[in-house]
Amino acid sequence: MSDPVPKAELHLHIEGTLEPELALDLAGRNGVALPYRSADELRAAYDFQDLQSFLDLYYGLMAVLRTERDFAELADAYLARAAAQGVRHAEIFFDPQAHTARGVPLATVMAGLGEALAAAPARHGVTTRLIMCFLRDEPAASALEAFEAARPWFGTLITGVGLDSAEVGHPPAGFREVYDRARAAGLRLVAHAGEEGPPEYVWQALDVLGVERVDHGIRSMEDPRLVERLVRDQVPLTVCPLSNVRLRCVDRLADHPLPRMMAAGLLVTVNSDDPSYFGGYAGDNFDALRDGLGLTGEELRLLAANSFRAAFLSDAERAAYL
Ligand code: ES4
Ligand code: ZN
């Protein structure tokens, strides 16, 4: 990678940074049986048809994450890789329900992630925020339960809430109550919408949940009125080009709507989503836009500047980055 431009990463699932080598190490350490004998064999399974086929592997492999140390090592490894690719600030998603459902206490997850995030400014030169995501293919009552269990960390470790997992058939409107509670608790609000799901889900994320940023949002381009709204309000979209190709939301990188999104005046950012699974970290996504889509240095610098504009930073913090 050529001298990476400083950037913020705003769409990153910490569980999606689990590299095959670390997964096998943790499996051995924790006595978890995996149906893969080598990192290469595991990597060969990273051939996805759609979002669901990815999620099946992703949730399955989480079985190796059991202890505070596991979560601390996972996050520290991500922060080291991200820093090497120019990431100065990372707003990190995690899926509490995916861990508590396997019997891992939320306190264990928070202690491990908290340790790595606290060390990150000095160790890696990266500041962070943490965003808890609700699994939209689980009942809204489960999201409410996860939300209430996380209250002790609100405003300290946890800055915001998001909505992820299988999108189609699970519209944002079902999660109105938990977003109302999150807003009342002073948390920042984001949601995945318009990745595989229709523009209607982006409208619901904006108008029913009241999100401040939309994760993915690429299918917004199918609805000119929605584009107008997103441009008018300069709602940031956290776009993940390599993810969209790997999950076949777009056929080829050359077909990716990102250049059209920028031309329309949308506040677009570039992110890695689940970098271990999708072929690259933040800088790799920037490189792919240059090499595969022909974006210019000026366009890439604009995307990097957008990432700090769209971040949940104070004005003073933002000024230090821009
Ligand atoms: C995800 Cl790419 C993607 N979409 C929705 N939910 C997710 N969780 C982790 N990666
Ligand atoms: Zn995502």
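In which loop does Asp274 lie? In this predicted model, Asp274 is found in the loop between β8 and α13.

The secondary structure of the protein consists of 16 helices and eight strands. For a chain of 322 residues, a compact globule would have a radius of gyration near 20 Å, and the value of 18 Å for the protein agrees with this. The C-alpha trace spans about 50 × 45 × 40 Å along its principal axes. Of the 322 residues, 48% are buried. Among contacts with a separation of 6 or more, 75% are made by residues 24 or more positions apart.

An unreviewed UniProt entry lists His11, His13, His192 and Asp273 under "binding site". These four positions span 263 residues in sequence, yet no two of their C-alpha atoms are more than 11.7 Å apart, so they gather at one spot. The UniProt record, again an unreviewed entry, also lists Asp274 under "binding site".

Two of the listed residues, His11 and Asp273, are in contact with each other. His11 belongs to strand β1, which comprises residues 7-13. A residue counts as buried if 20 or more other C-beta atoms lie within 10 Å of its own; His11 is therefore buried, with 31 such atoms within 10 Å. Beyond the residues up to four places away in sequence, His11 touches Asp215, Thr238, Cys240, Asn271 and Asp273. Asp273 is located in the loop between β8 (267-270) and α13 (275-278). Asp273 also counts as buried, with 31 C-beta neighbours inside 10 Å. When neighbours within four places in sequence are left aside, the contacts of Asp273 are with His11, Leu12, His13, Gly16, Cys240, Ser243 and Phe278.

Asp274 lies in the loop between β8 and α13 and is buried, because 25 other C-beta atoms are found within 10 Å. Residues up to four places away in sequence not being counted, Asp274 touches His13, Gly16, Tyr58 and Ser243. One of these partners, Tyr58, is placed in helix α3, formed by residues 51-61. Tyr58 has 22 C-beta neighbours inside 10 Å and so counts as buried. With residues up to four places away in sequence again excluded, Tyr58 is in contact with Glu15, Gly16, Asp274 and Tyr277. The pair Tyr58 and Tyr277 is separated by 219 residues in sequence, whereas the C-alpha atoms of the two are 8.5 Å apart in space.

Two further helices illustrate how buried residues are covered. Helix α15 (residues 297-309) contains 13 residues and reaches 18 Å from its first C-alpha to its last, close to the 18 Å expected at 1.5 Å a residue. Its buried residues are Leu303, Ala304, Asn306, Ser307 and Phe308. An α-helix has 3.6 residues a turn, so residues three or four places apart point the same way. The elements covering the buried residues of α15 include β1, β8 and α16 (315-321).

In helix α9 (residues 199-209), the buried residues are Tyr201, Val202, Trp203, Gln204, Ala205, Leu206 and Leu209. These residues pack against α8 (176-184), β5 (188-193), β6 (213-216) and α10 (224-232). Helix α9 is followed by Gly210, with a positive phi near 75°.

Positive phi values also occur in residues other than glycine, including Gln234, with phi near 50°, and Arg248, with phi near 60°. Gln234 is situated in the loop between α10 and β7 (236-239). With 12 C-beta neighbours inside 10 Å, Gln234 is classed as exposed. Arg248 is situated in the loop between α11 (241-246) and α12 (258-263). Arg248 has 14 other C-beta atoms within 10 Å and is therefore partly exposed.

Terms used:
Residues numbered from 1 in each chain as written. Chains lettered and ligands numbered in written order. Predicted model: local features only at pLDDT ≥ 70, side-chain atom pairs only at ≥ 80, totals over all residues. Helix = DSSP H or I, 4+ residues; strand = E, 2+ residues; numbered from the N terminus. Rg over C-alpha atoms; globule rule 2.2 N^0.38 Å. Contact = placed C-beta atoms within 7 Å. UniProt positions renumbered as here; feature names shortened; annotations may be inferred. Expected span 1.5 Å × (residues − 1).
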